[in-house]
Amino acid sequence: MASIISLAAEPRQPRGSLVIIGGALRADNAAVWERMVQLAGGKGARIAVFASASANPERAGRFLVERFNHYGAKAFFVPVAVRLSNTDYTIAAEDPALAAAVRSAGGAYFAGGDQGRITRALRRPDGSNTRVLDALWEMYRRGGMIAGSSAGAAIMSSTMFGYPKPVLATLKLGLGDEDEIAPGLGFIGEDVFVDQHLLVRGRFARMLPAMLKKGYKIGLGIDENTAMVVGPDRDVEVIGYRGALLVDLTEARTNDGVFNVTNARLSYLDNGDRFNLVSRVFTPALDKADGKVDPGKPYYREPLFSADILGNSTVVDLMAKLIDSDQPEAIGLSLDSPNGVQPDLGFEFKLTRTNDSVGYMSSLSEAYSVYNVRLDIRPIVVQRPLYQYK
């Protein structure tokens with residue numbers, strides 16, 4: 001029922017919970033909204049709403065307060081935002097009364113937008129914490145809940161994307177330090193990298209160069225309208241519309257030159273699945289517990305290939321077919337326009353089943369969970385013209 005990988009050293013533990021949302025959280029996604037309220041203390045919980053990332057903090061903050069209150073909370077708006085009119089965010093972030101309100105709350109929520117606006121609003125120019133940010137940490141360590149969607153998810157790790165190039169261009173040209181990668185707030189700890197809008201935008205591929213550059217071994221990428229709930233015991237539970245990708249670079253290797261990686265591992269955690277960041281144990285959702293895929297009875301029996309591995313959810317679709325296939329591997333390509341950057345450079349993504357690869361299928365739907373598929377990426381030469389008319 002569970003697949004176990006090697007143990008990892010346990011980092012210093014926070015006492016609170018995180019709800020990390022991949023963006024585009026729908027107002028009717030009750031599972032996620034209700035879980036946030038519950039973790040913040042239940043009905044009547046005071047939740048501090050930060051719209052710091054938004055281009056229009058007043059409007060975003062008003063909507064979010066209304067949503068949380070609709071689900072039973074007593075939310076309040078925190079006026080610390082770079083784009084908030086008639087307010088000096090540098091003064092607000094040091095306000096003792098505002099810091100006290102955040103400190104005594106049961107939880108906090110960060111809206112989407114530009115994650116750089118969040119760190120700019122909550123950190124002083126010298127990089128130290130403002131009073132409000134210190135109050136957030138105190139609330140979290142006391143057992144409070146911190147949640148965020150999109151930009152609010154990006155800040156959860158100690159390193160976040162700033163203004164990176166498109167995914168394929170990032171593979172081709174690499175990542176710069178100043179504009180493309182920036183310090184996050186690090187609520188999840190120093191050992192886990194977080195990214196968002198993951199499956200919809202094919203962003204799993206950009207996680208790899210960022211993780212390699214900064215030395216991360218574990219990365220979590222969450223899709224839209226979906227959340228990862230990280231508890232104080234470092235147990236990650238996926239809830240919502242789709243799922244999350246776990247990127248494991250513990251045994252991965254690279255060579256000099258154009259981006260490449262061998263022996264990375266990918267896992268797809270679907271709604272209800274769990275993964276513990278300390279024990280490295282996967283636990284499938286209850287509707288999949290008795291649905292372990294039998295490699296001796298494969299459903300798919302044709303070669304597995306995609307010409308656009310970075311397409312919406314393509315990598316997860318390939319992983320699901322591979323785990324329930326008579327094929328040992330699946331191949332996906334990523335190619336650019338003839339007018340793009342380095343148009344003759346593309347990448348092959350090879351997914352391979354190993355002895356550690358495990359799949360589960362839901363008894364209620366055709367949804368799969370897939371753990372420990374090997375991923376190798378290598379550069380390829382794209383012939384031009386790519387095709388001719390018959």
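A: Asp376 counts as buried, because its relative accessibility is 11%; buried here means under 20% relative accessible area, exposed means over 50%, and partly exposed covers what lies in between, with a 1.4 Å probe and protein chains only. The partner of Asp376 is Arg374, with which a salt bridge is formed whose closest N and O atoms are 2.9 Å apart, a salt bridge being a side-chain nitrogen of Lys or Arg within 4 Å of a carboxyl oxygen of Asp or Glu. Arg374 itself counts as partly exposed, at 25% relative accessibility.

These values come from a predicted model, in which local features need pLDDT of at least 70 and side-chain atom pairs count only at pLDDT 80 or more, while totals for chains, interfaces and linings use all residues. Residues are numbered from 1 along each chain as its sequence is written, and side-chain values use heavy atoms, with hydrogens and water left out.

The structure holds 14 salt bridges. One of them joins Glu224 to Arg201, with the closest N and O atoms 3.9 Å apart. That pair links distant parts of the chain, since Glu224 sits in the loop between strand E10 (218-222) and strand E11 (226-230), whereas Arg201 sits in the loop between strand E9 (192-196) and helix H9 (204-214), 23 residues apart; helices (H or I, at least four residues) and strands (E, at least two) are DSSP runs numbered from the N terminus. Glu224, at 18% relative accessibility, counts as buried, while Arg201 is partly exposed with a relative accessible area of 41%.

Another salt bridge is formed by Lys288 and Asp270, whose closest N and O atoms are 2.9 Å apart. Lys288 belongs to the loop between strand E16 (281-283) and E17, and Asp270 to the loop between strand E14 (261-269) and strand E15 (274-276), so this pair ties together parts that are 18 residues apart in sequence. Both Lys288 and Asp270 are buried. Side chains of opposite charge can pair when their charged atoms come close.

Neighbours within four places in sequence aside, Asn312 is in contact with Leu199 and Val200, contact meaning heavy atoms within 4.5 Å. The side chain of Asn312 also makes a polar contact of 3.0 Å with the side chain of Ser313; such a contact is a pair of N or O atoms within 3.5 Å, where within protein one must be able to donate a hydrogen and the other to accept it, and residues adjacent in sequence count only if both atoms are side-chain atoms. Ser313, found in the loop between E17 and H10, has a positive phi of about 65° although it is not a glycine, and Ser313 is buried with a relative accessible area of 7%.

Ala24, in the loop between E2 and helix H1 (30-39), likewise has a positive phi, near 55°, in a residue other than glycine. Ala24 counts as partly exposed at 44% relative accessibility. In strand E2 (residues 17-21) lies Ser17, which counts as buried at 10% relative accessibility. Leaving aside neighbours within four places in sequence, the contacts of Ser17 include Leu39, Tyr140 and Val230. Tyr140 is one of the buried residues of helix H6 (residues 131-141), among them also Trp137 and Met139.

In the segment after E21 lies Pro385, and the peptide bond from Arg384 to Pro385 is cis, with omega near 0°. Tyr387, found in the segment after strand E21 (368-381), is exposed, with a relative accessible area of 56%.

For the chain as a whole, the secondary structure comes to 10 helices and 21 strands. Of its 390 residues, 57% count as buried. Among contacts between residues at least 6 apart in sequence, 73% join residues at least 24 apart. Along its principal axes, the C-alpha trace spans about 65 × 50 × 40 Å.
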